[in-house]
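Please look at the model below before reading on. My comments are set out as numbered points.

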Amino acid sequence: MDEDYSNAPTPSRRVSTTLLDIHPTELDLLYNSQQQQQPPSQPQFLQQQQQPSVDKDALHAFLASDDQDSLMKDTRMSAKLNDLLDGAEKRRYSIIASSESHPDIRKVKDIKDRYTFYDTATGSVKNNSLRELLAMKANPAQCVSDALASSPCWWIDIMSPTDHEMRVLSKIFRLHPLTTEDIQAQEAREKCEIFQHYMFISFQSFNHDYSSQDYLEAANFYIVVFKDGVLTFHFQPLPHPHNVRKRIHQLRDFITMTPEWINYALIDNITDSFAPLIQHSELEVDSIDDLVLVLNGSEQTDMLRRIGSCRKTVMQLMRLLAPKADVVRSLMKRYEDRTKEMDYLTRRRLQQTPIPQGTAPPPSSSATATSIAASSDSVSSIEKNNTVNNIHHEIVLFLGDIQDHIQTMLQNVNHYDLVLGRAHRNYLGQISIELSQAGNSTNEVINRLTFLATLVVPLNLVAGLFGMNVHVPGQDNPDLAWFFWIVLGMAAYVAFMLAFGKRFNLL
């Protein structure tokens with residue numbers, strides 16, 4: 001593995017922050033001291049920008065090698081970081097969602113657009129093999145491998161690369177080992193990292209398959225932005241690359257496609273994909289909030305399930321949207337810092353090679369030609385820097401719009417969570433009230449039964465006394481007068497107790 005990355009560049013993160021945090025006077029002194037120590041040359045920042053994104057030697061060596069296709073040579077797919085820590089026997093592969101030790105090669109080869117090369121001049125070129133894609137004809141004049149070196153803006157979308165293919169891509173595009181490791185391990189943390197000649201952005205989408213058990217689960221999407229191209233990686237089918245290519249095709253007469261614009265369009269499409277979910281959640285939340293206090297009886301049995309399901313969706317949206325604002329803010333900061341760097345380097349170049357005005361021309365014609373060439377180079381460099389600055393300014397505006405959308409969606413989702421929490425409490429409160437009402441009704445019935453039992457107990461006592469083997473009043477009389485008087489007394493007692501119960505609400 002070490003020799004695979006022997007030619008990889010060392011990351012130069014936060015370069016712009018280091019320069020901009022220094023006072024301008026100190027920065028001038030530092031720059032002048034460096035210029036005195038070394039011969040005049042192009043600034044290091046510009047030298048890094050002029051480095052080629054594609055290593056042609058590694059590209060030609062890969063195409064000229066007689067190795068078997070990577071799909072048949074190395075079937076180990078990139079696994080999630082947790083599965084890597086658990087061991088190789090438990091690795092799950094995103095391409096087939098299986099617990100087997102190796103993926104199904106036939107299923108992998110059935111995905112015809114596993115590799116997609118796109119250029120505005122040639123359109124889309126798709127294949128399921130990296131080698132075959134690079135050997136395919138992008139246009140009648142050149143193949144994809146040649147178009148990578150000559151195209152001003154190219155884009156390769158890659159789904160579920162194997163470990164061998166990641167090593168090849170790292171050599172061809174000079175990816176840093178940290179970038180390769182994050183992609184292979186499917187690093188879930190969303191971030192923006194600055195390397196020597198590219199930017200690495202990790203941005204999460206979600207599973208769009210509504211019938212899948214993993215619906216709304218996070219799906220990692222990685223973007224590598226070069227000065228003349230873009231690489232994107234994902235490990236399950238996502239609609240964003242196709243949507244962006246369709247958008248570019250529709251707007252090709254109105255925009256100039258650049259790697260920065262592709263990066264913006266991908267982030268914008270991922271962000272916009274959350275809008276239908278939020279709209280659906282809003283309708284569900286409003287419905288729950290309106291019905292939670294209206295439904296009663298058997299109609300409430302499904303309400304708790306609806307509240308729990310909707311709240312689960314809202315929490316998942318909050319988890320997916322929360323880190324995105326920081327990533328977009330980092331990108332905006334990077335473009336703003338790069339614009340300031342280029343403005344500063346342009347001013348330094350103008351100070352080093354001023355255009356003579358009102359002075360006599362040098363006596364030597366060669367010196368005059370050299371001065372004119374230097375002046376023209378400076379003018380062309382300034383124009384190029386101004387063009388790049390304008391592009392960065394536009395991208396910053398677009399990213400600001402995305403940041404506004406993210407903040408708005410986060411505020412809406414937080415509001416939905418508060419409404420669902422209130423609805424949940426209202427539902428539980430209503431259930432508690434109904435239970436209390438049912439308990440009160442039960443208590444009233446028990447009170448009535450207790451009063452009636454109290455009313456009957458004396459009667460039972462009298463009847464029981466007369467039923468014993470004792471002397472009963474009037475037993476010596478041949479008529480039933482005593483009996484009727486006793487029954488009448490008991491009836492009067494019952495009437496009196498019933499009136500008493502009604503008077504004091506005991507019945």
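Predicted model: local features only at pLDDT ≥ 70, side-chain atom pairs only at ≥ 80, totals over all residues.

1. The protein has 507 residues, of which 41% are buried. Its secondary structure consists of 18 helices and nine strands. Counting contacts with a separation of 6 or more, 70% are between residues 24 or more positions apart.

2. Arg 114 deserves a look. This arginine sits in the loop that runs from helix H7 (105–109) to strand E1 (115–119). Its relative accessibility is 0%, so Arg 114 counts as buried, the cut-off for that being under 20%. A polar atom of the Arg 114 side chain lies 2.7 Å from the backbone oxygen of Ser 160, and a pair of this kind counts as a polar contact within 3.5 Å.

3. Most residues other than glycine have a negative phi. Gln 186 has a positive phi, near 55 degrees, and is not a glycine. Gln 186 belongs to the loop between helix H11 (177–184) and strand E6 (191–194). With a relative accessibility of 8%, Gln 186 is classed as buried.

4. Leu 216 is in the loop joining strand E7 (199–206) and strand E8 (218–225). Leu 216 counts as buried because its relative accessibility is 9%.

5. The last point concerns a helix pair. Two packed helices are described by the angle between their axes and the distance between the axes. For helix H10 (residues 163–173) and H11, the angle is about 155 degrees and the axes are 11 Å apart. Angles over 145 degrees count as roughly antiparallel, and H10 and H11 are therefore roughly antiparallel to each other. Their crossing is right-handed. On the H10 side the contact is made by Asp 163, Met 166 and Ser 170, and on the H11 side by Thr 180, Ile 183 and Gln 184. Sorted by class, the residues in this contact are two nonpolar, three polar and one charged.

Technical notes
Residues numbered from 1 in each chain as written. Heavy atoms only, no water. Helix = DSSP H or I, 4+ residues; strand = E, 2+ residues; numbered from the N terminus. Buried < 20%, exposed > 50% of the residue type's maximum accessible area, 1.4 Å probe, protein only. Polar contact = N/O pair within 3.5 Å; in protein donor to acceptor, adjacent residues only side chain to side chain. Axes fitted to C-alpha atoms, helices over the stretch in contact; angles between N-to-C directions. Parallel < 35°, antiparallel > 145°, perpendicular 65-115°, else oblique. Left-handed = near helix turned anticlockwise from the far one by under 90°. Contact = heavy atoms within 4.5 Å. Nonpolar A, V, L, I, M, F, W, Y, C, P; charged D, E, K, R; others polar.
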